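Subject: Structure handover

Hello,

Here is the structure for you to look over. My notes follow below it.

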Amino acid sequence: MPEIYAFTDGACSGNPGPGGWGVLLQALDGKTVLKERKLKGGDANTTNNRMELFAAISALEALERRTTITIVTDSAYVKNGITSWIHGWKRNGWKNSSKKTVKNIELWQRIDEAQSKHDVTWEWVKGHAGHPENERADELAREGMAPFKTNK
């Protein structure tokens, strides 16, 4: 049975500003890629954190049936948020430790719902450090951002 991986990344030109997200989905048998799918998109006015979340959400929502998947992100915000912080936020009515509504609440609720339909392992990798699949996800994110950037 192949292992499923989603390498996700977000990009933003200015923060906020035009942004993009990218996903490289792979079915692997050992190190052999059996199947690959690329996803990308963007927004005219967004933040890097929102694009990082969108990438992970898009990876999970692209799966049509319950899947065991490893999501590899270079965003400590996404990894820490979904594996640690979210439990307290939910317990506290989506409020953070300062009793304020969690930033990007609608995206956190969406990713929480999306991951509940799968068996997800979250991994963090250092961004822009030569990890081949992370670099490809970054390229997809930049492609997703391109239509929203205005040339000055």
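Start with the aromatic cluster: ring pairs join Tyr 77, Trp 85, Trp 89 and Trp 108. Rings of Phe, Tyr and Trp (its six-membered ring) count as a pair if their centres lie within 6.5 Å. The structure has five aromatic pairs. In one of them, the ring centres of Trp 85 and Trp 89 are 6.1 Å apart and the planes meet at 55°, so this pair is tilted. For the label: planes under 30 degrees apart are stacked, over 60 edge-to-face, and the rest tilted.

This is a predicted model: local features need pLDDT of at least 70 and side-chain atom pairs pLDDT 80 or more, while totals for chains, interfaces and linings use all residues. Residues are numbered from 1 along each chain as its sequence is written, and side-chain values use heavy atoms, without hydrogens and water.

Both Trp 85 and Trp 89 sit in helix α2 (residues 76–91), four residues apart, about one turn of the helix. Helices here are DSSP runs (H or I, at least four residues), numbered from the N terminus. Trp 89 is buried, at 11% relative accessible area. Trp 85 is partly exposed, at 38%. Buried means under 20%, exposed over 50%, partly exposed in between (1.4 Å probe, protein chains only).

Now Arg 136. Arg 136 belongs to helix α4 (residues 132–145). With 30% relative accessibility, Arg 136 is partly exposed. Beyond its neighbours within four places in sequence, Arg 136 contacts (heavy atoms within 4.5 Å) Leu 24, Gln 26, Glu 36 and Lys 38. Its C-alpha atom is 23 Å from that of Ala 114, 22 residues away along the chain.

Best wishes

Note on methods
Helices (H or I, at least four residues) and strands (E, at least two) are DSSP runs, numbered from the N terminus.
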